[in-house]
Amino acid sequence: MPKKIGVIVFPGSNCDHDAYHAMKHVMNVETSFLWHKDNDVSDIDLLIIPGGFSYGDYLRSGAIARFSPIMNAVQDYVKKGYPVLGICNGFQILLEAGLLPGAMLHNEKLRFICKNVYIRVESNRSPFTAGLENGQVLNIPVSHGEGNYFIEQEGVHRLEDNEQVAFRYCTKDGEITNEANVNGSVSNIAGITNEIGNVLGMMPHPERAMEPILGSMDGIPFFESVLNKLEIA
Amino acid sequence: MTFMFKAKVNITLRNSILDPKGKAAHHALQNLGLISVKDVRIGKYIELNIDASSKEEAYKLAETACTKLLANEVMEDFQITIE
């Protein structure tokens with residue numbers, strides 16, 4: 001059986017086709033869309049929850065999407081140890097669903113930020129980043145208004161102790177500074193995994209850094225790591 | 001027998017959390033000359049019309065609505081008043 005990637009589509013998702021294109025046409029893996037009303041994800045080897053504005057971000061970003069029928073299947077899928085990657089709004093949905101710890105605040109400076117930033121690999125413990133080096137710097141775009149990751153200080157320590165911080169915002173040279181912290185996230189956090197390491201949420205969009213015309217191809221080593229380590233490609 | 005209650009819900013960012021919208025509004029108020037305003041916190045106000053047999057039952061329902069959906073307790077507090 002060829003391995004298969006599923007991209008979940010909610011009303012208001014808008015990076016679903018970016019993710020689909022990146023997986024199917026750049027990484028050459030069989031990929032299909034899953035509608036938020038579907039409730040079977042059993043033949044999927046990697047689930048991607050893409051970016052966008054599911055349900056118009058009503059109430060809080062991701063708050064309504066987590067009640068979509070497919071999210072019950074996603075909860076089971078995660079419990080069984082299968083991998084889920086949430087990008088941007090996907091990260092917000094995973095937080096609201098309780099599959100990752102913490103919450104998302106409005107960007108510190110309130111502006112919607114859409115630009116390329118640098119992120120540093122902080123932990124290659126999970127299969128998503130296992131093919132990357134700790135300290136490796138990637139140039140990946142962000143595009144969000146609510147990406148200011150928040151968790152209480154003891155939560156930050158827990159994430160650090162368990163090596164759950166996957167990425168931090170950094171300078172081009174990999175330094176973790178306040179200036180590089182694009183949205184005000186606690187401890188410069190750009191992406192985290194759950195305790196076991198089969199769920200990764202990240203605000204930056206690796207699927208938008210896959211081809212020369214996009215200005216950066218640093219999404220390729222990231223997805224190579226994901227697909228190789230999960231034995232999907 | 002049931003009655004119609006109105007739950008008035010106020011949701012605010014926890015005090016320990018910086019409120020960028022409140023800060024921006026505060027700054028604008030300062031520019032207006034309202035310098036006595038020392039701090040601004042912006043939250044949400046939600047009304048729920050609830051069919052329940054008692055005030056206590058209505059409160060419990062509103063509380064469930066808050067903890068399960070309306071508020072995110074990682075960053076927000078809520079306050080319920082039943083009328």
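1. **Ground rules.** Residues are counted from 1 along each chain as its sequence is written, while chains are lettered from A and ligands numbered from 1 in the order in which they are written. Because the model is predicted, local features need pLDDT of at least 70 and side-chain atom pairs count only at pLDDT 80 or more, whereas totals for chains, interfaces and linings use all residues.

2. **Chain A, the overview.** Chain A holds five helices and eleven strands; helices (H or I, at least four residues) and strands (E, at least two) are DSSP runs, numbered from the N terminus. Its radius of gyration is 16 Å, close to the 17 Å that the globule rule gives for 233 residues, so chain A is as compact as a globular protein of that length. That radius is taken over C-alpha atoms, and the globule rule is 2.2 Å times the number of residues to the power 0.38. Along the principal axes, the C-alpha atoms of chain A fill a box of roughly 45 × 35 × 35 Å.

3. **The sheet of chain A.** Nine strands of chain A make an open sheet, ordered 2-1-3-4-11-10-9-6-7, with mixed pairing. Two strands count as paired if DSSP finds at least two bridges between them. At the edges you'll find strand 2 (30–35) and strand 7 (137–144) of chain A, each pairing on one side only. From one strand to the next, the twist averages 25 degrees; axes here are lines fitted to C-alpha atoms, for helices over the stretch in contact, and angles run from 0 to 180 degrees between N-to-C directions.

4. **Zooming in on one pair.**

5. Helix 2 (residues 69–79) of chain A lies across strand 1 (4–9), strand 2, strand 3 (46–49), strand 4 (84–87) and strand 11 (199–202) of chain A. With strand 4 of chain A, helix 2 makes an angle of about 125 degrees.

6. **Inside or outside?** Buried residues make up 54% of the 233 residues in chain A. A residue is buried if 20 or more other C-beta atoms lie within 10 Å of its own, exposed if 12 or fewer, and partly exposed in between, with C-beta atoms placed from the backbone. Is D161(A) buried or exposed? D161(A) is exposed, because there are 8 other C-beta atoms within 10 Å. This residue sits in helix 4 (residues 153–161) of chain A. D161(A) and L47(A) are 114 residues apart in sequence and, C-alpha to C-alpha, 27 Å apart in space.

7. **Chain B, the overview.** Chain B has two helices and three strands, in the pattern β-α-β-α-β along the sequence. Its radius of gyration is 16 Å, well over the 12 Å from the globule rule for 83 residues, so chain B is more spread out than a compact globule. The C-alpha trace of chain B spans about 55 × 25 × 15 Å along its principal axes. Buried residues are 17% of the 83 residues in chain B.

8. **The sheet of chain B.** Three strands of chain B form an open sheet in the order 2-1-3, with antiparallel pairing. Strand 2 and strand 3 of chain B each have a single partner strand, so one side of each is left without a neighbour in the sheet. Strand 1 (residues 3–13) is joined to strand 2 (residues 44–52) of chain B by nine bridges, and F5(B) stands opposite I50(B) there. Seven bridges join strand 1 to strand 3 (residues 76–82) of chain B, where A7(B) faces I82(B).

9. **Helix 1 of chain B.** This helix (residues 20–31) has twelve residues and reaches 17 Å from its first C-alpha to its last, close to the 16 Å expected. The expected span is 1.5 Å times one less than the number of residues. Just after helix 1 of chain B, G33(B) takes a positive phi of about 95 degrees.

10. **Where the chains meet.** Eight residues of chain B are in contact with nine residues of chain A; contact means that the C-beta atoms, placed from the backbone, lie within 7 Å. On the chain B side, helix 1 gives the most, with three residues. The residues on that side divide into six nonpolar, one polar and one charged. Here Ala, Val, Leu, Ile, Met, Phe, Trp, Tyr, Cys and Pro count as nonpolar, Asp, Glu, Lys and Arg as charged, and the others, Gly among them, as polar.

Definitions and conventions. Contact = placed C-beta atoms within 7 Å.
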